[in-house]
Each structure stands twice: as C-alpha cells, then as structure tokens.
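Open the structure in your viewer and keep the selection tool at hand. The stops below follow one another.

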Amino acid sequence: MLSRTWSRPAGRTTARAGAGGWWIGASRPGCLRWKPQRASLSGRAVCQMTRRALPLAALGRAAGGCRAGGTGRATSPRLAIAVLGGLASLTLACSGRPESGASGSTPAQDPQTREMQVRIESIVSRLPPGLDFLSEREDQGEVPDTDDPRQRLRFLAQRGRERLLAGDTESALVDLSAAAEQAGDLGDAERLLSLQRLLALANLRLGEQDNCLVGTAESCILPLRGHGVHAEQRGAARALPLLIELARQDPPEGSSRWLANLAAMALGDWPEALPEDLRFPATAFADASSFPFFPNRAGEAGADVLGLSGSVVADDLDGDRRIDLVVTSWGLLDPIRFFRNCGEFGLAFCEVSPETTGLGGLPGGLNLVHADYDNDGDADLFVLRGAWLGDAGQVPNSLLRNEGDWRFVDVTESAGLLYLVPSQTAAWSDLDRDGWLDLIVGVESPPGAEPVASKIYRNRGDGAFEEVGREAGLHAIGFVKAVTVGDVDDDGWPDIYLSRFGEPNQLWINRTGSSGDLGFEERSAAFGVGEPRWSFPAGFFDADGDGLQDLLVLPYAADFATAGIAPILAHELGLPHAGELPRLYLNQGGAGFLDVTSRFRLDRPLLAMGTNVGDLDGDGRLDLYVGTGAPGLDTLVPNVMLRATEGGVFEDVSFSGGFAHLQKGHGVAFADFDDDGDQDVYAVLGGAYSGDTARNALFENPGGESSWLRLRLVGMRSNRSAIGARVSVRWREGGADGAASVERLLSRVVGPGLSFGSSPLRVEIGLGRAASVGELVVDWPSPMDDRSGERLRQRFRDVQVDTAYELVEGGQLRRDGSD
C-alpha cells in the first residue's frame with residue numbers, strides 16, 4: 001500500500017483556491033514535497049514534483065527514480081501510474097503565486113518598479129523601426145504590384161531576410177526561394193549567390209527549430225550522434241546540397257564548408273555525405289580526453305529557458321541555503337525569470353511568478369550581477385541594458401533590492417544610479433574598504449561619439465550611491481566590455497581592470513590608502529596587460545595555485561555585427577589566420593604580469609562572449625567555460641570547456657564532456673545546484689537577432705571521488721557578502737600507487753567569477769584526494785581598525801572535508817545550516 005505524507009518547507013503553510021485547483025505552499029513561496037513511503041522505495045526519500053520542474057514527459061522518469069535526471073532503481077508500471085495519478089488528482093504545483101497569508105492577496109507592484117517599467121517602455125516605443133538586432137521586424141506587406149522584376153526581386157529578398165532574422169523561417173524560405181528563382185531568370189549571378197547563402201542558412205535554422213529547440217537537447221551539442229541526429233530532417237536535407245555548392249566557391253576556411261559538415265552530421269551521414277575534400281578532420285568534433293560526460297538536464301530540471309543572449313545569477317536568493325537562478329535575455333522587453341531551487345535530491349527548479357517578485361513587466365538585459373549592497377543579509381541584483389546598440393542603447397540599468405520572500409523593488413533612481421548610456425558590464429567591490437560595496441559600471445562609449453566615462457558609484461551606507469569616478473582619478477573612456485576587480489599587487493586594496501573593445505585595455509591600481517579618499521592610477525603599460533585589442537570577457541583568478549590573482553582576457557573580433565568564424569576554422573584546419581588570441585597573465589607578485597598564453601595552451605582564436613571558472617573534477621584547479629559565437633546565423637561554433645591539468649596546461653574537454661553546444665553562448669555560472677559536493681554548469685544561450693532563440697543548458701556533474709569543502713562567509717565589519725575575502729586552503733594529498741603524498745595549496749577570492757555570468761558567493765572548493773584539511777585561512781577585506789589598516793586573518797586547523805561550513809567574521813567556524 002502506498003502511503004502519502006506531506007513534508008513542508010519551513011514557514012507558515014497556506015492554501016487557497018486557484019484556477020484549476022488548490023495552490024498550496026509555505027510563507028516562503030516554493031514547492032510542496034511529497035514522500036512516497038514504501039519499503040521498496042528505500043534510497044529515494046523525497047520526490048519533488050512540480051509542473052514546471054518536471055514536464056509531463058519526465059514524470060515517468062521522476063516516478064521511477066525521484067531524481068529529475070531519472071536515476072535510481074526502476075519502479076513498477078503500477079507504482080508509476082499511482083504516482084502520476086496522485087499528482088494529477090491533487091494538482092500539485094510549484095507556484096510562483098504569492099503566499100502572503102491565507103487570503104492569498106497579491107501585493108501591489110511597488111511604485112518605483114512601476115515607474116521604471118513605464119520609463120523603459122516609453123524609451124523602447126520611440127526606437128526607430130530599423131533597429132537591426134532587437135526590433136521585431138514588421139512584415140512589409142504584399143509583394144508590390146509592379147512590372148519591374150528587379151523591384152520585385154529586391155522586395156522578396158529583403159522581406160525574406162527580415163523574416164528569417166525574426167524567426168519566421170518557413171515564410172522566409174518561401175520569399176527567398178521566389179527571389180532566387182527571379183534572380184536566376186534575370187541572370188543576376190551576384191544576387192543569386194547571396195540568396196543561396198540565405199536559403200542554406202534558413203534551412204539550417206529550420207532544422208534547429210524542428211529539433212534542437214523543441215526539447216531534443218542532444219541535437220544542439222556536437223558531435224551530433226544518437227538522439228542528436230535530427231529526427232525531422234527536412235531542413236538539413238535541403239541545406240546540404242546548397243552548402244556543398246557554396247563551399248566549392250569559398251576559401252577552405254569559409255563557413256559554408258563547416259556548415260555542410262554540420263548538416264551532414266545532423267542527417268546522421270557524416271562524413272560519407274560529403275566529398276572528401278570538403279570534410280573537416282575528425283579532430284574538429286572530438287578531443288583526446290577521457291573526461292566524464294556531463295548530461296544537459298535543463299529540460300528535466302525545468303530550467304531550459306528559451307530566449308536570446310543574456311546572463312545568469314546563481315545564488316541563494318531566499319535564504320534556504322540552496323542555489324537558485326535568475327535568468328535574463330537581452331530582448332528590449334524580455335522578462336527577468338526567477339527560479340527557486342526545488343530539488344530535495346537532484347536538479348529541479350520552480351519558476352517564481354512575476355506577481356510574486358513584483359517585477360511583472362520590467363525587462364531584463366544582456367547581463368546582471370549580484371551582491372548584498374545594503375548589508376541586510378540577502379542578495380540584490382543589478383541589471384545592465386543597452387549593450388551593442390549605440391544611440392539606441394540609452395536605456396537605464398536597474399538596481400533591484402531584495403525584500404525577502406522573493407520580492408524585489410527597483411530602487412535605481414532613489415539609489416542615485418539612474419543614467420541613460422549603454423552598458424553591459426559591472427562589478428561590486430568595497431573599493432575604500434569601509435564595509436559597504438561600491439559599484440563600477442563599464443560604459444560603451446564608441447570612438448567618434450560624445451565621450452562618456454565609466455562610472456564608480458561609492459556606497460554611502462544609507463541605501464544610496466554617489467558617482468565619484470572622475471574625482472577618484474578613474475576617467476576611463478572606451479567601449480568597455482568587461483569590468484573585473486582583483487588585488488593585483490596584494491596590498492589589500494582592490495584594483496580595477498577594464499576590457500575595452502578595439503582599444504588598449506586598462507588596469508587601474510587602487511591608491512586609496514588609509515586616508516579613505518578613493519584614488520586610482522592607470523598602469524596597464526607598466527604591468528604589461530593591455531592586450532588583446534579586440535577583447536571581450538575578462539577576470540581575475542588564481543591560475544597557477546600560488547595564491548596570487550592572475551588575469552585572463554579573452555578575444556572577440558574586430559566587428560561585432562559581421563564577426564565571422566574563419567579564424568577558428570583555419571585553426572582547426574592548420575591554416576594561417578589573423579584571429580585575436582586570448583591572454584593569460586600570471587601575477588609576478590606586484591612586479592607585473594607574465595604572458596603565459598602559449599605555455600598554458602590557450603593560443604587559439606575564440607569568439608568569446610560569456611565565460612566563467614569553476615572546478616569540474618574537484619581537483620582544486622579552476623577550469624574555464626567559454627560561451628562563443630557572434631550575431632550572424634552562420635556563426636555556429638561549439639562552446640569551449642577547458643580543464644586545468646596538473647601539468648599546468650588547459651586541456652580541451654568540450655566534446656568528451658558534452659559541453660560543445662552549438663548555440664551562441666553568453667552568461668555562465670558554476671555551482672553545486674544539487675548539493676552533492678561537485679559543481680554543475682548553467683549556460684545562457686541564444687543570439688542577437690530577435691528570432692535567434694535557444695534553450696539554456698544545465699550540465700549536471702556526474703560526480704567523482706574528490707573531496708570537497710563549502711564555505712559561506714558572513715561579513716560583520718567587512719561587507720556582508722564578504723566579496724573580496726581571500727580563502728586559502730592547505731592540505732596533503734595522498735600519492736597514487738604508493739607515491740609520497742604532496743602538499744597542496746589553493747586560494748579563492750569571494751566573488752561571482754569572471755565578467756559575464758555570476759556564480760554563487762559561497763566558496764565551493766574541490767580538494768582532490770584530501771582526507772582532511774591541514775589549515776584554512778580567511779583574510780577579510782575590511783581593516784580591523786582605521787589606524788592600522790590591517791585585515792583580520794582567521795586560521796582554522798583540522799577542518800573536515802565533505803562538509804559545508806559557515807564563518808561569521810571574527811567568529812568560530814561552524815557547520816552551515818544547509819547540512
């Protein structure tokens with residue numbers, strides 16, 4: 001007999017009638033948990049079923065294993081039917097509806113939030129209809145009634161292209177086919193060639209829409225095999241002969257040759273469907289690693305958001321010690337999406353409704369960053385808008401204050417952060433070490449336009465900020481694509497690095513000192529960190545395990561709108577190319593940086609956009625995931641995962657690990673979403689044009705034998721988020737096959753990671769084969785007192801591995817409430 005008992009989240013339980021059933025939840029909105037109790041179900045303690053977290057197709061798997069990924073012993077069909085029937089009859093839901101008492105009343109949207117929403121809607125309504133990327137293209141109407149065949153041709157070609165970029169691919173194919181026929185009749189060879197290229201792209205895109213975007217995640221990730229081969233093959237089948245013909249007219253590194261290989265693979269007929277001279281080598285679709293495979297669980301977990309380019313914050317937003325998600329998309333009116341972590345065991349997320357968050361109608365942006373700016377104990381959000389849009393990007397950013405219980409208020413104007421310039425990057429840091437987080441915002445100020453400097457907003461400690469960039473000496477003008485903060489000279493004062501697209505990058509050394517008066521000096525030339533010129537994402541992390549913060553700067557291309565993949569394809573074919581290369585600069589202890597790009601095997605072209613670091617295999621070394629691509633529909637290149645090895649080089653594990661997603665990659669977060677001791681990876685995917693949507697990915701770590709440590713820091717004199725605190729861990733690792741043990745040391749600085757995508761502020765550390773931790777050291781960012789300027793350093797010994805800890809500044813290390 002199957003008995004059913006309810007396990008509630010902490011807090012007051014409420015229930016109220018709603019459309020189609022009863023909404024049942026806790027005072028902190030979330031999921032009800034259902035425990036099927038039966039002897040044969042041992043080891044599957046809690047099934048957490050929700051409509052959003054587990055779609056109908058996945059419920060059978062959930063019934064069979066409780067985990068969203070379908071793991072666990074098989075369950076009998078009768079039990080599965082009982083589970084599904086119970087779910088259906090009880091209409092269980094993870095509701096984003098507000099739970100504000102038994103009445104279930106919905107709190108009104110805060111006037112500040114509503115004012116910002118109206119302001120943005122007004123700005124968007126005045127944008128010119130010809131805005132290339134984000135405007136929803138208006139249908140140009142019927143084909144003109146004219147006797148001029150060339151006018152008719154121009155109209156069909158233009159409308160077909162517009163429909164393709166807007167996502168109406170089938171209508172685009174009709175127009176482009178008619179235009180190609182017209183061009184052939186007129187003998188217009190140049191126009192016909194351009195239309196054949198568009199037809200090939202439209203058919204490839206149709207194949208993606210028929211397969212990759214409808215829930216078949218394997219159809220998006222190279223190499224396409226097994227379930228990844230397209231089930232609906234009309235798009236790839238029509239694209240392939242066109243691409244073969246086009247490849248004959250292109251240089252070897254032209255995109256048509258590459259896309260023909262992708263089309264053949266989508267049909268399950270690679271390489272046989274291609275002439276030998278057009279085949280890419282097998283190494284273009286494989287790596288030499290035996291790295292374990294990370295399955296994409298986003299669909300099963302309820303987190304496969306469909307959208308455009310955007311970003312992610314992964315952190316505990318509701319105080320339950322589980323890592324939640326906030327996801328954005330850069331569409332001018334695309335919403336901000338909030339997902340509560342509902343996974344009792346395994347990966348499961350419940351979307352929180354806009355009515356609950358109070359942000360209904362407020363759009364997201366290309367990027368966002370998080371921190372507890374007001375030191376009240378919960379994470380707030382800063383959303384960035386207007387990137388890449390030039391004059392059309394005069395859209396305000398938003399500071400969203402976390403009110404608790406998943407409620408947010410837009411306090412941008414009252415906090416003194418309202419301005420109208422395009423920006424895509426920002427960073428939180430306590431620049432003057434007064435215990436309050438300041439905000440650095442990178443401004444896109446292109447050459448030839450009226451110069452606008454990037455901004456430093458000093459936190460006054462009363463909920464408001466004041467702009468002090470110029471008086472602090474940071475008069476930084478340029479097309480800034482990354483702001484990142486690190487202590488490059490190890491003096492305790494955070495320094496600022498700006499990645500400037502098309503100009504030398506800048507390193508601003510913090511000269512504030514004990515006076516407390518903010519001051520910066522530009523020293524990129526002296527430190528040797530001005531390259532690459534066409535850079536995009538950047539960030540500080542300890543790449544070589546010496547405790548110092550090294551600097552990674554990744555390249556893009558000279559032109560955003562027309563960036564192509566020729567340098568990447570040339571690299572794969574062993575041909576010369578002029579593509580920009582990454583730069584990895586090792587910190588030389590205050591004496592500048594050393595370029596070790598080639599030594600670490602990073603000397604390869606990348607169309608890098610989103611990126612972040614984390615430890616995939618728990619060996620204590622930080623690995624790197626790079627989201628790649630460009631606006632053009634032909635820039636289908638796999639995203640790149642690079643594993644840091646013991647030998648001091650980065651090993652490509654993109655294909656063996658299952659990370660080689662073809663859709664355009666943006667914000668990236670590494671986090672232990674399922675609290676099993678290893679880091680998973682969330683990636684935001686999608687393009688720039690309004691029709692180039694994709695589904696986000698969540699790569700689940702299959703786990704290993706590595707030990708781990710998790711540490712949540714709470715600042716008291718320092719900022720509450722402890723951003724800028726340095727955590728150092730020393731341990732001995734047993735040698736394999738009788739070899740002597742070796743001492744290992746690593747350091748992590750509290751922060752969200754690199755510049756595009758925000759990982760949790762808690763510190764998640766892999767410890768390899770450690771049996772125990774010899775010493776844990778925490779250096780807090782704020783001074784112990786205003787006279788000495790020295791930071792508080794706390795040391796702990798005999799720390800247990802495989803344990804989550806909490807440390808309040810100045811207090812004792814204790815087990816975190818999540819365990």
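Select Phe541 and look across to S23: Asp550 stands opposite Phe541 there. This is a predicted model. Now select strand S23 (residues 550-555) together with S22; the two run antiparallel and are joined by five bridges.

Next, go to the largest nonpolar core, which has 93 residues. Leu222, Trp258 and Phe338 are those with the most contacts inside this core. Elements that give two or more residues to this core include helix H5 (169-186), helix H8 (255-266), strand S11 (380-384) and helix H12 (566-573). At least three of the core's residues come from each of domain 1 (141-285) and domain 2 (306-699).

Select Trp258. What does Trp258 touch, leaving out residues up to four places away in sequence? Its partners are Leu222, Phe280, Ala284, Phe285, Ile565, Leu569, Leu636 and Pro638.

A second, separate core has 46 residues; select Phe465, Val727, Leu746 and Val799, which are among them.

Finally, colour by confidence. The protein has a mean pLDDT of 85, and 84% of its residues reach 70 or more. Over residues 1-104 the pLDDT is below 50, although this stretch has 204 contacts in the model beyond near neighbours in sequence. Where pLDDT is low, predicted coordinates should not be read in detail.

Technical notes:
Residues are numbered from 1 along each chain as its sequence is written. This is a predicted model: local features need pLDDT of at least 70, side-chain atom pairs count only at pLDDT 80 or more; totals for chains, interfaces and linings use all residues. Side-chain values use heavy atoms; hydrogens and water are left out. A nonpolar core is a set of buried Ala, Val, Leu, Ile, Met, Phe, Trp, Tyr and Cys residues joined through side-chain atoms within 4.5 Å. Buried means under 20% relative accessible area, exposed over 50%, partly exposed in between (1.4 Å probe, protein chains only). Helices (H or I, at least four residues) and strands (E, at least two) are DSSP runs, numbered from the N terminus. Domain bounds come from an automatic or database domain assignment. Contact means heavy atoms within 4.5 Å. pLDDT is the predictor's confidence in each residue, from 0 to 100. Two strands pair if DSSP finds at least two bridges between them.
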